[in-house]
Structure formats: C-alpha cells, structure tokens
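Hi,

Here is the structure I said I would pass on. Have a look at it first, then read my notes below.

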Amino acid sequence: MKFYLTILAAFSALTVWVSAEVSVLRVSSTLQSYNISQPWEKQAPYNRRGLGVVIGKNQILTTAEMVANATFIELQTADGEKSIPATVIAVDYEANLALLAAKDPEDIKVIESMKPVELATPSKLGETVQVFQIEDNGMPLLTNGIIRGTDVVSTFVDGHFFLNYEIKAAMQSAPNSFTIPVLKDNKLAGLLTSYSSKDQLLDATATEIISAFIKDAADGKYVGFPDLGVSIVRTSDENFRGWLKLTDAQGGVFINRVQRNSSAEKAGIKVGDVILKVADSAINRRGYYTSKNYGELYWSHLIRGTHVTGDEIQITLLRDGIELVKQVKLERPIEGIIPSHTYGKAPRYMIKGGFVFQELTESYLKLFGDDWKSRAPMTLLDALNHPEDYEKGKKRLVILSRTIPTKATIGYERIRATIVTKVNGQEIPDIPALIKAFKTPGENGIHTIELDNDIEKIYLDAETASKVEAEFLQQGLPALSRDKE
C-alpha cells in the first residue's frame, strides 16, 4: 500500500514539515524458542511487533530478530484492513536482516501492487534522516534525526560485527516499533536495531549492509557475508611491537588464531602474522582504518561490509619482520564445534538414565549469567577460546550438561557442564554418535562414559537406566533424544 501524507514532525524542539511516500507493512510475529537448559521443551510463546519495508516484488525487509524462532508471521497493511500470513525467504541472524514474502496468490497481488522503496545512497556524518513509525490509526509518524557517527557493532548475534549508523533522534512511543525503517529522501537508509530513550540515540543497520543482503538473496539462494576467519589483538604495546619487528610507521593487528578451513587458512595466513593492509587500506595499531565516508572504522568492515562472498582481495602481512602479500578468496565461515547461535534450529540432546547430554553452544554458556565469560566452567570457556585444541575429529562438542537424581545416577548427582570424550570406547563427535554409542553397552551391561575432568570415567547400568527412562516417558517427557537440528 502506498500512502502520501504531509505530517508535522518534531526534533530537538524544532518544528519541520516532512513529506513521505513509502510502502510499509506492520509485522507481527509469534516467537517460541527452545529451553536451553531443558532442550526437550520450548519456552512460552511471545509476540513481537515491528515494521517491514517493501523492497521488491513480494519482498518485505525486516530484522532477523522479528523472525528468530518464529512459529507464525503475519503482515498487515498500515490501515489495518488486510492481514497477510508470511514466510521467511532469506535470513541472516549475524547481520540481523530478513526477507519476508506472502504465501497466498491473492496476498501476493496485494504486496506486488505496492511501490518498492528504493535504497538510499550511503549516508554521511551530519546528514538528516527520518525515523518512520506508524500509529494505531495507521497515520505515519516521522521523526527527524541526524547521523552522529558510525561504528562496526554486534546487534543481534554476539561476535558478529556490521556497520551501523548512530543517529540522534527523539523518537516518540508508538506501536510496532521494535523494528522500524530509517529514511533519507523517501528512500531506505537503514533499519533500527536499538534505541536509548535516555540518550535519544538509535542504532540502524547501514545502507551498505542492507544492499549486500538484498543482492545476495536476489537469486533465491542466500549465501551470507564472508569472513576472513582470524582472531586478532592490538599491537599498541611497544615491547610487543618490538618483538614483532614492527616499525614506528607501521600499524597492524596481530593474528592469534586462524580458524580451521577458513579463508585465511586456505590463503596461507598463519598465527603470528600481522595484518598491515586489507586491499589498499592501512590498518592502525588499534585495528582501525580510514574510511572515505565515515572516518575511522574497525578493519572487519573491509571484509564483511565492502566485499561479498567469492571476492578475492589482497592482504599485506608482516611475518618475521618481512612484508608479504597474500591473495585471499573470501568465503563463508565454517561453523565451528561451538555454534555462536542456534536460531531456527532444534537443539540436539539425549537423556540416558538421568544424565542429560547436549551440544555445547554459546547460548548454553550464557545460562551462567551476564558475566558468563568468567563464571562458566573453565573447561568450557577454554574450548570456546581455543577450539583448535578440541576440534580434531569432532563436529560438535558434546557435554554432560546436568544430572537428574535417579536410581541410575546415584553418586553422580553433582556432575554437570563437563565435556564427554568417549562412550563405551567410542569417540563422540556429536549427539548422533552419542546415541549410537549407547546402543551397545559394555561388559556386564555397563555403559562407560569418559569425561574431560578430574573424574575421567563414570559408569551407568544399562538395565537400571532403561527403567528410569521408561518412567520419564510415562511422566510426560516428549522424547529421550533428538538427533536432528
């Protein structure tokens, strides 16, 4: 639906007239995630309401947060007269972007009758933009804002950083404002990812990131943003720089980890190398480079913001005091043994006699609280920070997450959050392998479980475990295991 309206918008105590012509739909999602501590059940469902922007034929852009673990998604015209069931056709949880589409042929006609919103040119510091909201009565509400800065930040999935605009705007309270578009000259400049009413500052995904996402999804086979596959530390310390043989004129960031099968590893980049340049952009000691549009930006934007999967770029390194250039083909990162998120997936697990086994994820580690990076068990944190020490022969890292007190687990009640290495002599690379290993108990019908802790081995009577499991099922447990995500 297209609507034309001149409205009164207020910003910083100034009154201005703003004209808007945009195709926007309300988005209402019912979301229901799995219970990480009890992976056989789901949390209570909840609703989330935001806005989506029509950007192509039967293509509505919104954020990934609006569709993560969604059981139902509904679109609604701004005037509330038409409701449209929708489906997800592309999603990138890392970049926090999603594309929706209507399913019914008649509903598709409604969407295709709307004029798609064009993408704006990349914004510059100091430019004025409009934050678009819709009131309950269908009236658009536009609030002027000024782009105060840019930064490469993580907006949804921790550890994945993308370019965002920081906008100064006094947003008003309005329905459907979890996700809202940011406009410039009636074109889409960004999508809101967070807002601080106290500071009157909002973050919005930058135009370049949205543009790359839409282009990638155009053929119906979304690939995703590339990644170099390295972890780095700054080279600010003078003693460290001297050891690396860096001159005063050189900047650079030190590579302290190279992921297995990553773009970097395939190009011959090694731990101990120092990244001096990405393409023609010099990286300083803190990991920043000078962008033509935005000033100082974190170097990762040169990988995940200015290039796409499949591009080849030159990276200038310092190795043992000698500069060298590597030609790198950028690829999607290979998911490691500890996934950063599990959105859209069912967690795999197994319950055996009261022992609860599941695959380690960052979502599980966050159960240890806001300061989980210091409170979670040291072994699990070590695996997260040094996966190369654990990943040989493994697809996932299986843990004994908790012990339910039963007749089969007497004496082991306190065991939890520990890595499982073998069951009945078989290596355990993932939950499906664990399920298979438990099918054949050892001598005298005893299962032997080997752990990566001081206990090392625990034992489980197969017959007693089977009786306990039958009781669990009688008490309403939906299933003793799940082997598919």
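Which strand does Lys187 lie in? That would be β13, which covers residues 187–196. Before I go on, please keep in mind that this is a predicted model.

Leu119 is 68 residues away from Lys187 along the chain, yet their C-alpha atoms are separated by 5.3 Å.

Next, Thr403, which is in strand β25 (residues 398–403). Thr403 has 9% relative accessibility, so it counts as buried; the cut-off for that is under 20%. A polar atom of the Thr403 side chain lies 2.7 Å from the backbone oxygen of Ile415. Ile415 also turns up among the residues that Thr403 touches, along with Gly354, Phe355, Thr409, Tyr412 and Glu413, if you leave out anything up to four places away in sequence.

Then there is helix α2, residues 207–217, which is mostly covered, with 10 of its 11 residues buried.

The largest pocket holds about 1700 Å³ of space. Its lining is made up of 49 residues, and those nearest the centre are Gly159, His160, Arg257, Gln259 and Glu362. By class, the lining of the largest pocket splits into 22 nonpolar, 13 polar and 14 charged residues. Several elements each supply at least two residues to that lining: β7 (83–92), β15 (230–233), β16 (253–258), α5 (301–304), α7 (372–375) and α8 (378–385). Which of them gives the most? It is β15, with 4 residues.

The second largest pocket has a volume of about 330 Å³. Here 18 residues form the lining, and Ile36, Thr342, Tyr343, Ser363 and Lys366 lie nearest the centre. The lining of the second largest pocket has 7 nonpolar, 8 polar and 3 charged residues.

Cheers

How values were computed. Residues numbered from 1 in each chain as written. Predicted model: local features only at pLDDT ≥ 70, side-chain atom pairs only at ≥ 80, totals over all residues. Heavy atoms only, no water. Buried < 20%, exposed > 50% of the residue type's maximum accessible area, 1.4 Å probe, protein only. 1 Å grid on protein atoms, 1.4 Å probe; cavity = no way out; pocket = protein on both sides within 12 Å on 5 of 7 lines; lining within 4 Å. Points joined across faces, edges and corners; volume = space filled by probe spheres on them. Nonpolar A, V, L, I, M, F, W, Y, C, P; charged D, E, K, R; others polar. Polar contact = N/O pair within 3.5 Å; in protein donor to acceptor, adjacent residues only side chain to side chain. Contact = heavy atoms within 4.5 Å.
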